[in-house]
2 protein chains.
Amino acid sequence: MSTIHHFRGTESAWDWENVLEYPIKPGDANSKGASGKIIISPQDGASHFVLRYFRVEPGGFSTLKDYHSHDHGVLILHGRAIVHIGEKQFEVGPHDAVYISPWEEHWLEAVGDEPMGFLCVIPNKDLLVKLGAAGK
Amino acid sequence: MSTIHHFRGTESAWDWENVLEYPIKPGDANSKGASGKIIISPQDGASHFVLRYFRVEPGGFSTLKDYHSHDHGVLILHGRAIVHIGEKQFEVGPHDAVYISPWEEHWLEAVGDEPMGFLCVIPNKDLLVKLGAAGK
């Protein structure tokens, strides 16, 4: 069944109808000032991909040196970031897109005075298991 | 390998570095005023999903009654649209998200005076073939 998730947030607090909170572990020292929403997921019947939104407060960062078998499709929605990929760093801003391939160490760091937000697409986990490509 | 596609367009003509034009057939009477860019794709080494951007001019629409085996994850980036799904219609605007499941007849129609643009995620075609889920 198809579903609509109307935006119900404000520019300073993005949110949507009927979405899940992304479970960031309380006290996780590997990220700072990061929160997330799972917008499109198996909850909608989606079996191939998941669309998530992450927000990182100024000076914060997503999980440091994150490293796993799935890849990421990222579109920056607001604010500015340094994307760390392996030993490289790239500065990105609104509408910039980033592809992070499997098993590349990566994290995003919010830079500037504004919170940074990005859309992050991943493949569905069950699908990776079917393909024999599931890992950490 | 990971890749960056910096935005290089303007608010009235969205575009990115090193992306492909979406091949809309010239004279295709099933869509009107629609154009697209393939932002993240197998060209980047992405084997699970594809991120595309579509722009529809005021009064235009994407392929009418489109119908296929793959699903869509949509995020409206600018402008307003009526999303037609089966017999239903939903009005959507910036940041609204839509999941369109496989084999549901659908199209997006730009409404209002502004061009409408949306991000559209699909699974990689080769992956659907592997899963035995490829179709039209």
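Here is a walk through a predicted model, moving from the way its two chains are related to single residues worth a look.

Let us start with the symmetry. Two copies of a chain are related by a rotation about an axis and a shift along it. Here, chain B is superposed on chain A by a rotation of 180° with 0.0 Å of shift along the axis, and the RMSD is 0.0 Å. That is the relation of a two-fold axis.

Next, look at how the chains touch. The contact draws 37 residues from chain B and 37 residues from chain A. On the chain B side, at least two residues each come from β1 (3-5), β3 (32-40), β4 (49-61), β5 (72-78), β7 (88-92), β8 (97-100) and β10 (116-123). The largest share belongs to β8(B), with four residues. Sorted by class, this side of chain B holds 23 nonpolar, nine polar and five charged residues. Of the interface residues of chain B, 100% are also interface residues in chain A, so the copies meet through the same surface.

Strand pairing also crosses between the chains. Strand β8 of chain A (residues 97-100) is joined to β1(B) by three bridges, and the two run antiparallel. To find this pairing on screen, look for A97(A), which stands opposite H5(B) of β1(B).

The core comes next. In soluble globular proteins, nonpolar side chains tend to be buried together. The largest nonpolar core in this model has 68 residues, and L51(A) and L51(B) touch the most other members. Which residues does L51(A) contact, leaving aside its neighbours within four places in sequence? In chain A they are I39(A), I40(A), L119(A) and V121(A), while chain B provides G73(B), L75(B), A97(B) and V121(B).

Now stay within chain A and turn to strand β6 (residues 80-85). Six bridges link β6(A) to strand β9 (residues 106-111) in an antiparallel arrangement, and I85(A) has H106(A) as its bridge partner there.

Another is H95(A), where phi is about 80°, in the loop between β7 and β8 of chain A. Are these residues buried or exposed? K65(A) has 10 other C-beta atoms within 10 Å and is exposed, whereas H95(A) has 22 within 10 Å and is buried.

A last stop in chain B is L20(B), which lies in strand β2 (residues 20-21). L20(B) is a nonpolar residue, yet it is exposed, with 12 other C-beta atoms within 10 Å. Setting aside neighbours within four places in sequence, L20(B) is in contact with K37(B), I38(B), S41(B) and Q43(B). Its C-alpha atom is separated by 10 Å from that of Y53(B), a residue 33 places away along the chain.

How values were computed
Residues are numbered from 1 along each chain as its sequence is written. Chains are lettered from A and ligands numbered from 1 in the order in which they are written. This is a predicted model: local features need pLDDT of at least 70, side-chain atom pairs count only at pLDDT 80 or more; totals for chains, interfaces and linings use all residues. Two residues are in contact if their C-beta atoms, placed from the backbone, lie within 7 Å. Two strands pair if DSSP finds at least two bridges between them. A nonpolar core is a set of buried Ala, Val, Leu, Ile, Met, Phe, Trp, Tyr and Cys residues joined through C-beta atoms within 7 Å. A residue is buried if 20 or more other C-beta atoms lie within 10 Å of its own, exposed if 12 or fewer, and partly exposed in between; C-beta atoms are placed from the backbone. Copies are superposed by least squares on the C-alpha atoms of residues with pLDDT of at least 70 in both.
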